[in-house]
Amino acid sequence: MSEVQDKSAHMTRAIPAPVVNVETQPFWDAAKEGRFLIKRCTPCGKAHWYPRAICPFCMSAETVWEESPGEGVIYTYSVMHRSPTGPYAIGYVTLNEGPAVLTNFVGVAPDGLSIGMKVKVKFQDTEGGPPVPVFAPA
Amino acid sequence: MSIKGKAYIMGAFEHPTRDAPDKSTPQLHAECAIGALADAGLSHDDIDGYFCAGDAPGFGGLSMVDYMGLKNVRHLDSTETGGSSYLLHVGHAAQAIAEGKCSVALITLAGRPRQARGGGGRGGGGEPAPEAGFENIYGGSTHNTYGMCAMRHMYEYGTTSEQLAWIKVAASHHAQWNEHAFLKDVVTVEQVVNSRMIADPLHLLDCCVVTDGGGALLVVSPEVAKSLNRPKVKIMGAGEAPKGPRGGLDLDLTHSGAVWSGPRAFEEAGVKPADIKYASIYDSFTITVLMQLEDLGFCEKGQGGKFVSDGNLISGVGKLPFNTDGGGLCNNHPTNRGGITKVIEAVRQLRGEAHPKVQVPNCDLAIAHGTGGSLGTRHGSATVIMEREG
């Protein structure tokens, strides 16, 4: 049970297969190769997340995939204790490129997170789908 | 065009059940409609507008109009913003009435989440949400997405768990007088902060209840209102606003859409926060209340923790009596959607029909405000300001 788990243990959580569609297929293809892609709009120059075909800032269809090192800082987080498989952390990372990304934090104990902490992307296997981005302390 | 004074809430009913293994969801909707009609003194055939949201089964409005046998409906609206839907419906009903599209608008909500856990509210459409592939995989729930808001609020403004606990304490003081309340025990700050941690930094007692049940409202034209023998609750102003991370550059988890819907409603009503005698504030979690009070202008941004402390939200004790039915934190959060009960308790207060122990003296101006979806991802915010006439 989560209540009795060793507090120093790193959090892990089984992640289900993500919904993949024609608009986001390139992201998942790159994920299989361990590459983290974001989308950037050519006319307005802004990067956004989650990736879309149409820029959410200027509605241009001229958006391009860009490989990102997946580095940033924790904006906020919450450790979920009401979980039959043990505590896990959800939170947002503000990427160095600007956009905030919702994710799980791994490779860290439940009491080891803090706002402002530097983190870096890694990929975690899912149940029957492509791997998904999660973040660990940099 | 303004809706100010163009429509009245003349019927309001909160279903007394909190656990309904023996009733269907459409049945609960219909029972709520019957209750609101009886309250107003109107009949089934008077209804010519119908409003419902994602909790309505099957084809939503179409299924429910047919189920209830409403034969005179000429205006249908199924705007879906989660738990705040019904607050938007009040504003939309007033607009429809002001434009002559209907004269008696019924709004219903009902559901049975206690019977099938996880089968509560739903969004619209059959396709997955566009963000699903990038968000739904991370174990986000209402608890931990609101937990993220509370964590950030504490970081930016120094808000404490003890301050958040005061919101639950105030709700529990009110719920003790509500015979239907799911939780009737008065709790202390210590009990809240010592309750089990659910999602950092929110404890069990920072969370609302899960209840079956429902409610209904009747929004009517001035002519219909005049013909009825009930105190008149006039709709003075309404505002709504969606808010989300918008490409990840607008993520701001310490503000809610109330920063936009609130000023719109206050401006239309021609009043200001200091004029409000009673506030129904959506309370899915304690942090929900704190952020919305700040964003509506009841205190400065970041000062919500101080504002809610020391019983300031308790009727007869503090400056801003809130959720005098016990709110979602103690009384009722039917089918995980608390918007309609917010309006219902505001109507009780304006009519002078709240429990005597929590009735606000001379309560002539009230606000009902809510958030649907999640403050931690994307949400719909809605504000309604109401006045007692006469």
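In strand S3 of chain A, the bridge partner of Arg40(A) is Val64(A), and this pair belongs to the six bridges that join strand S1 (residues 36-41) of chain A to S3(A), the two strands running antiparallel. The model is a predicted one, in which local features need pLDDT of at least 70 and side-chain atom pairs count only at pLDDT 80 or more, while totals for chains, interfaces and linings use all residues. Residues are numbered from 1 along each chain as its sequence is written, chains are lettered from A, and ligands are numbered from 1 in the order in which they are written.

S1(A) and S3(A) are part of an open sheet of three strands in the order S2-S1-S3, with antiparallel pairing; strands count as paired if DSSP finds at least two bridges between them. At the edges lie strand S2 (47-48) and strand S3 (63-68) of chain A, each of which pairs on one side only. Chain A has one helix and eight strands, the elements being DSSP runs numbered from the N terminus, with helices (H or I) of at least four residues and strands (E) of at least two. The radius of gyration of chain A is 16 Å, close to the 14 Å that the globule rule gives for 138 residues, so chain A is as compact as a globular protein of that length; this radius is taken over C-alpha atoms, and the rule is 2.2 Å times the number of residues to the power 0.38. Along its principal axes, the C-alpha trace of chain A spans about 50 × 35 × 25 Å.

In chain B, nine strands form an open sheet of mixed pairing in the order S3-S2-S4-S7-S1-S8-S11-S10-S9, with strand S3 (75-77) and strand S9 (278-281) of chain B as the edge strands. Within this sheet, eight bridges join the antiparallel strands S4 (residues 104-111) and S7 (residues 213-220) of chain B, and the partner of Ile107(B) in S7(B) is Leu217(B).

Helix packing in chain B is described next. Helix H3 (residues 85-98) and helix H13 (residues 339-351) of chain B pack at an angle of about 60 degrees, with their axes 6 Å apart; axes are lines fitted to C-alpha atoms, for helices over the stretch in contact, and angles run from 0 to 180 degrees between N-to-C directions. That angle makes H3(B) oblique to H13(B), since angles under 35 degrees count as roughly parallel, over 145 as roughly antiparallel, 65 to 115 as roughly perpendicular and the rest as oblique. Ser85(B), Tyr86(B), Leu87(B) and Val90(B) of H3(B) meet Gly339(B), Ile340(B), Lys342(B) and Val343(B) of H13(B), contact being defined by C-beta atoms, placed from the backbone, that lie within 7 Å. Helix H1 (residues 25-40) and helix H2 (residues 61-68) of chain B pack at about 65 degrees, with their axes 10 Å apart, and the residues in contact are Pro26(B), His29(B), Ala30(B) and Ala33(B) of H1(B) with Met64(B), Tyr67(B) and Met68(B) of H2(B).

The contact between the chains takes 28 residues from chain B and 34 residues from chain A. On the side of chain B that touches chain A, two or more residues are given by each of helix H4 (132-135), helix H5 (142-157) and strand S5 (197-199) of chain B, and the largest share, seven residues, comes from H5(B).

Notes: Two residues are in contact if their C-beta atoms, placed from the backbone, lie within 7 Å.
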